[in-house]
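The report below goes through the sheet, the nonpolar cores, the aromatic pairs and the salt bridges of the structure shown here. Please read it alongside the sequence and the coordinates.

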Amino acid sequence: MKKCLLILALSGILFAEEGVKLVVFDLKTGDIGTFEKKVLQGIAFEKSYYEGKLEKLDVAVVVHGDAYKFFVKDLKNSPYKDDKKLAAEHDQLAKRLATMADTYEVEFLMCEATMRALKIDKSNVYDYVKLTPNSTIGLIDKQNEHFAYIPIH
């Protein structure tokens, strides 16, 4: 019995670094307003909140569904070439996303399966975006690393 308790205690120490919160956002929406509020503003607020408590928030975002369009470098060579609202905000969104990746250390994981189906080439996706075989695998992996799950649909 004592061995079991010791193993459980040690495994908890290995998986959870004290003062670090883990969250994975399941980003599926293509709505710019929701994306702005939940990702660009929301993550910055949440990171600041935990820093104010002397804790760290590690954030991963699994990108799929209609959210691909926010991570495409050149809209003209993508399925989103006719999205006028996106085109008008594309440069500003690109800068803010780069800040999320660089300054806030947000990890972006994109579903590779649907990228192929949509004919989005990896070279047309921002360099900081990592590929995952599909969104389900990305979410499973992060949740098995003890990331809390938050949907943005």
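## Aromatic pairs

Y128 has a relative accessible area of 21% and is therefore partly exposed. The model is a predicted one, and a search of the whole of it finds six aromatic pairs. One of them joins F35 and F71 in an edge-to-face arrangement, with 6.2 Å from centre to centre and 85° between the planes. Because F35 belongs to helix α2 while F71 sits in the loop between β2 and α3, this pair ties together parts that are 36 residues apart in sequence. F35 counts as buried at 0% relative accessibility, and F71 likewise counts as buried at 0%.

Y126 and Y128 make a stacked pair, with the ring centres 5.6 Å apart and 15° between the planes. Buried means under 20% relative accessible area, so Y126, at 11%, counts as buried, whereas Y128, at 21%, is partly exposed. Ring pairs also link F35, F70, F71, F108, Y126 and Y128 into a cluster.

## Nonpolar cores

The largest nonpolar core has 35 residues, of which L27, F35, V61, F70, F71 and F108 touch the most other members. Two or more residues of this core come from each of β1 (20–27), α2 (32–52), β2 (56–63), α3 (84–102) and β3 (107–111), and α3 gives the most, with six residues. In soluble globular proteins, nonpolar side chains tend to be buried together.

F71, which was described above as a partner of F35, touches L27, F35, V63, L97, F108, M110, N124, V125, Y126 and V129 when residues up to four places away in sequence are not counted. A second, separate core consists of eight residues, among them V20, V62, L139 and F147.

## The sheet

Five strands form an open sheet in the order β4-β3-β2-β1-β5, and their pairing is parallel. The edges are taken by β4 (129–132) and β5 (148–152), each of which has a single partner strand, so one side of each is left without a neighbour in the sheet. Direction ignored, neighbouring strands of this sheet are turned by 25° against each other on average.

The parallel pairing of β1 with β5 runs over five bridges, and F25 stands opposite I150 in β5.

## Salt bridges

The structure holds nine salt bridges. In one of them K56 meets D58, with the closest N and O atoms 3.0 Å apart; K56 counts as partly exposed at 39% relative accessibility, and D58 counts as partly exposed at 24%. Another joins D127 to K73, where the closest N and O atoms are 3.4 Å apart. This pair links distant parts of the chain, since D127 lies in the loop between α4 (112–117) and β4 and K73 in the loop between β2 and α3, 54 residues apart. D127 counts as exposed at 68% relative accessibility, while K73 is partly exposed, with a relative accessible area of 34%.

K142 and E107 meet through their side chains in a salt bridge of 2.8 Å, N to O. Distant parts of the chain are linked here too, with K142 in helix α5 (residues 135–144) and E107 in strand β3, 35 residues apart. K142 has a relative accessible area of 8% and is therefore buried. Salt bridges with shared partners join E107, K130, K142 and E145 into one network.

Technical notes:
Residues are numbered from 1 along each chain as its sequence is written. This is a predicted model: local features need pLDDT of at least 70, side-chain atom pairs count only at pLDDT 80 or more; totals for chains, interfaces and linings use all residues. Side-chain values use heavy atoms; hydrogens and water are left out. A nonpolar core is a set of buried Ala, Val, Leu, Ile, Met, Phe, Trp, Tyr and Cys residues joined through side-chain atoms within 4.5 Å. Buried means under 20% relative accessible area, exposed over 50%, partly exposed in between (1.4 Å probe, protein chains only). Helices (H or I, at least four residues) and strands (E, at least two) are DSSP runs, numbered from the N terminus. Contact means heavy atoms within 4.5 Å. Two strands pair if DSSP finds at least two bridges between them. Axes are lines fitted to C-alpha atoms, for helices over the stretch in contact, and angles run from 0 to 180 degrees between N-to-C directions. Rings of Phe, Tyr and Trp (its six-membered ring) pair if their centres lie within 6.5 Å; planes under 30 degrees apart count as stacked, over 60 as edge-to-face and the rest as tilted. A salt bridge is a side-chain nitrogen of Lys or Arg within 4 Å of a carboxyl oxygen of Asp or Glu.
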